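Me: I would like to learn how to read helix packing, ligand shells and confidence in a model of this kind. Could we go through them one at a time?

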Amino acid sequence: MNKLKPIYSFIVILILMVIIGSISFANVSARDNPQEISPVSRGAQIYDDWTSVVSDAAIPVGNHPIWSRQSNNTISGIDTWRCVVCHGWDYQGIDGAFRSGSYSTGFPGLLEASTKDQSTLVQALDGSSDAQHNFTSMLSDDEIESVTAFIQTGLIDDNEYIDIVTRKVTGGNFANGKEKYEQVCSSCHGDDGTLATFRYEGTEVSLGTLAVQDPWRFLHRTRFGTARAPEMPLGYELGWTAEDGRDVVYYVQSSLPTGFEVPTNEPMEIEPVDNLGGPAQNWFSGIVTAFGAMATSLGFAILLGALFVGIILVLVWLLRSRRA
Ligand code: HEC
Ligand code: HEC
């Protein structure tokens, strides 16, 4: 019996390693989707950029087949597959902000489609209406359902809130916008909106600049977020009305620094809301985090290999000591 003791403790250690390893695996995947969001917001983010928010998305090569029906907009590749690039941040396509300029494609908007029923919208997306407009190999049924939910209930008519020529918010409530910005946004974006910078037309710009240059994109992302900020609170999930979103754009547009200056700050560090898999807070999560890092690297493969070799050795040893 005494002979077996070291073997038992070896086995116990192996089991502990496996358990800790799988806890950290669970943490790694929990971080992929830190916020539970409604299908409408999910659909809105798919609309913005499904190539970034759909996990394991089959990213098509080359341009979207419909892209060649126009020649004005010269972008190419993966972006041509994004709904927003063809249909617009204001959901109005040819009738809205994309009616002219380099982003213009001549493709239709979706405001009218928002009154159509679910099955008609699905037919628009599965190739039944137009064989080239088929997203079924890229989006799951659930994801297509989220997009149709967004089209049916998430779209707003931006012309009610933003002047299409001056790009200025019309009829905003400054006090409401300021209050909401200070409560929800300034912790990450800074009181003056320059804590983080955003890529816009090849330049790094501040939040204020973005609100002036592209208030439609600003409003959409304030309501529904963006793939690059999974931890950013979403207006829609906070129960904000479209007017609340407009007021925040209004406040940022009218009182934060703007212009195409290049802020000197580095892109901000992203702090996850939950500490799942985040920086170590105590020795246990330290160990968990360490194993999490190993799990995502070659280290874990080697660990697994060693584990199996270990188990085989133990079995051989046990069998031999029994016989002896
Ligand atoms: C390459 C450009 C392009 C992309 C990308 C694109 N669409 Fe379209 N979409 C069109 C065009 C053009 C039409 C008009 C009908 C047709 O020719 O297919 C259309 C039609 C539609 C319609 C039907 C509109 C109506 O009034 O019945 C819906 C709904 C729609 N698109 C949603 C989407 C969604 C959601 C995505 C992203 C998953 C998307 N589209 C991506 C170009 C595009
Ligand atoms: C938890 C931190 C956090 C909070 C709070 C937050 N944001 Fe963000 N936001 C981010 C990050 C991170 C990005 C992505 C930065 C990047 O693109 O690198 C972002 C991006 C954005 C963008 C998109 C910019 C673009 O490229 O189009 C807008 C607009 C925006 N935020 C507005 C807001 C507003 C308005 C609020 C308050 C309602 C807010 N944010 C609150 C972290 C936050």
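Reply: Let us begin with one pair: helix 2 and helix 5 are roughly perpendicular to each other, since their axes cross at roughly 100° and angles from 65 to 115 degrees fall in that class. Please keep in mind throughout that this is a predicted model.

Me: What describes two packed helices, apart from the angle between their axes?

Reply: Two packed helices are described by the angle between their axes together with the distance between the axes. In the present case, the axes of helix 2 and helix 5 come within 7 Å. The contact is made on the side of helix 2 by Pro39, Val40, Arg42, Gly43, Ala44, Ile46 and Tyr47, and on the side of helix 5 by Glu143, Glu145, Ser146, Val147, Ala149, Phe150 and Thr153. Sorted by class, these residues are 8 nonpolar, 3 polar and 3 charged.

Me: At what angle do helix 4 and helix 5 pack, and how far apart are their axes?

Reply: For helix 4 and helix 5 the angle is about 120°, and the axes are 10 Å apart; the two helices are therefore oblique to each other, and their crossing is right-handed. Helix 4 brings Gln118, Leu121, Val122 and Leu125 to this contact, while helix 5 brings Ile144, Val147, Thr148 and Ile151. By class, the contact has 6 nonpolar and 2 polar residues, with no charged residues.

Me: How should I read the packing of helix 8 and helix 9, and which residues make the contact?

Reply: Helix 8, residues 215–224, packs with helix 9, residues 242–255, at an angle of about 130°, and their axes are 9 Å apart. That angle makes helix 8 oblique to helix 9, and helix 8 passes helix 9 in a right-handed crossing. The contact is made by Pro215, Phe218, Leu219, Thr222 and Arg223 of helix 8, which meet Gly245, Arg246, Val248, Val249 and Gln253 of helix 9. Its composition is 5 nonpolar, 3 polar and 2 charged residues.

Me: Turning to the ligands, which residues come nearest to ligand 1?

Reply: Among the 23 residues around ligand 1, those that come nearest are Cys83, Cys86, Ala113, Ala124 and Asp130. The elements giving two or more residues to this shell are helix 2 (39–53), helix 3 (83–87), helix 4 (118–125) and helix 5 (141–153). The shell around ligand 1 divides into 17 nonpolar, 4 polar and 2 charged residues.

Me: And which element gives the most to the shell around ligand 2?

Reply: Helix 6 gives the most to that shell, with 5 residues. The shell around ligand 2 comprises 22 residues, of which Cys185, Cys188, Phe198, Ala229 and Met232 come nearest, and the elements that give two or more residues are helix 6 (174–189) and helix 8. By class, the shell around ligand 2 has 13 nonpolar, 5 polar and 4 charged residues.

Me: Finally, where does pLDDT stay under 50?

Reply: The general idea is that, where pLDDT is low, the predicted coordinates should not be read in detail. Here the chain averages a pLDDT of 84, and 76% of the residues score at least 70. The pLDDT stays under 50 over residues 23–33, for which the model has 21 contacts beyond four places in sequence. Over residues 262–281 the pLDDT is likewise below 50, and this stretch has 36 contacts in the model beyond near neighbours in sequence.

Technical notes. Residues are numbered from 1 along each chain as its sequence is written. Chains are lettered from A and ligands numbered from 1 in the order in which they are written. This is a predicted model: local features need pLDDT of at least 70, side-chain atom pairs count only at pLDDT 80 or more; totals for chains, interfaces and linings use all residues. A residue is near a molecule or strand if its C-beta atom, placed from the backbone, lies within 6 Å of it. Helices (H or I, at least four residues) and strands (E, at least two) are DSSP runs, numbered from the N terminus. Ala, Val, Leu, Ile, Met, Phe, Trp, Tyr, Cys and Pro count as nonpolar, Asp, Glu, Lys and Arg as charged, and the others, Gly among them, as polar. Axes are lines fitted to C-alpha atoms, for helices over the stretch in contact, and angles run from 0 to 180 degrees between N-to-C directions. Angles under 35 degrees count as roughly parallel, over 145 as roughly antiparallel, 65 to 115 as roughly perpendicular and the rest as oblique. A crossing is left-handed if the near helix is turned anticlockwise from the far one by less than a right angle, and right-handed if clockwise. Two residues are in contact if their C-beta atoms, placed from the backbone, lie within 7 Å. pLDDT is the predictor's confidence in each residue, from 0 to 100.
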